[in-house]
Amino acid sequence: RLTREALNALGELYHPQAVIGFWTVDFLLPFRTTVIEVDGDWWHGLPGAARRDKAKTTFLTNKGFRVLRLGEAAIRQDAQAAIKAVL
């Protein structure tokens with residue numbers, strides 16, 4: 001929710017939960033050819049998560065997307081600033 005609100009405040013066009021190939025991404029910014037993945041502490045701390053994240057990032061990068069991974073702490077602290085910093 002915080003990421004969605006920040007993207008709206010920044011005036012970014014995005015598609016939440018977009019499907020690219022066999023992966024679902026958190027946010028697709030089509031005019032930037034960019035994917036934003038919000039890495040929550042619990043989910044991304046599970047065994048195998050780092051391997052899946054790397055595979056997903058590699059796939060998307062090979063398809064021509066820039067992949068931005070934002071941690072939960074950065075989003076909770078200031079989602080808009082975190083997104084602006086990486087865009």
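1. The largest nonpolar core has twelve residues: A6, L7, Y14, F27, L29, I36, L68, L70, I75, A79, A82 and I83. Two or more of these residues come from each of α1 (2-9), β2 (23-29), β4 (66-71) and α3 (72-86). The top contributor is α3, with four residues. Note that this is a predicted model.

2. Look at A6, one member of this core. Leaving out residues up to four places away in sequence, A6 touches A79, Q80 and I83.

3. As a general point, nonpolar side chains in soluble globular proteins tend to be buried together.

4. Now the sheet. It is open, has four strands in the order β1-β2-β3-β4, and its pairing is mixed. β1 (15-20) and β4 are the edge strands, each pairing on one side only. On average, neighbouring strands are turned by 45° against each other, direction ignored.

5. β2 and strand β3 (residues 34-39) run antiparallel and are joined by three bridges. F27 has I36 as its bridge partner in β3. L28 has V35.

6. β2 and β3 form a hairpin, with four residues between them. Check T33 in the turn: its phi is positive, about 50°.

7. On its other pairing, β3 runs parallel to β4, and six bridges join them. T34 stands opposite R66 in β4. Is β3 enclosed or open to the outside? Five of its six residues are buried, so β3 is largely enclosed by the rest of the structure.

8. α2 touches β1, β2, β3 and β4, and its direction makes about 55° with that of β2. α3 touches β3 and β4, and its direction makes about 150° with that of β4.

9. One lysine deserves a look. K56 is found in helix α2 (residues 49-62). Is K56 buried or exposed? K56 counts as buried because its relative accessibility is 9%, and the cut-off for buried is under 20%. Beyond residues up to four places away in sequence, K56 touches W23, T24, V25, E37 and R69.

Conventions. Residues are numbered from 1 along each chain as its sequence is written. This is a predicted model: local features need pLDDT of at least 70, side-chain atom pairs count only at pLDDT 80 or more; totals for chains, interfaces and linings use all residues. Side-chain values use heavy atoms; hydrogens and water are left out. Buried means under 20% relative accessible area, exposed over 50%, partly exposed in between (1.4 Å probe, protein chains only). Contact means heavy atoms within 4.5 Å. A nonpolar core is a set of buried Ala, Val, Leu, Ile, Met, Phe, Trp, Tyr and Cys residues joined through side-chain atoms within 4.5 Å. Two strands pair if DSSP finds at least two bridges between them. Axes are lines fitted to C-alpha atoms, for helices over the stretch in contact, and angles run from 0 to 180 degrees between N-to-C directions.
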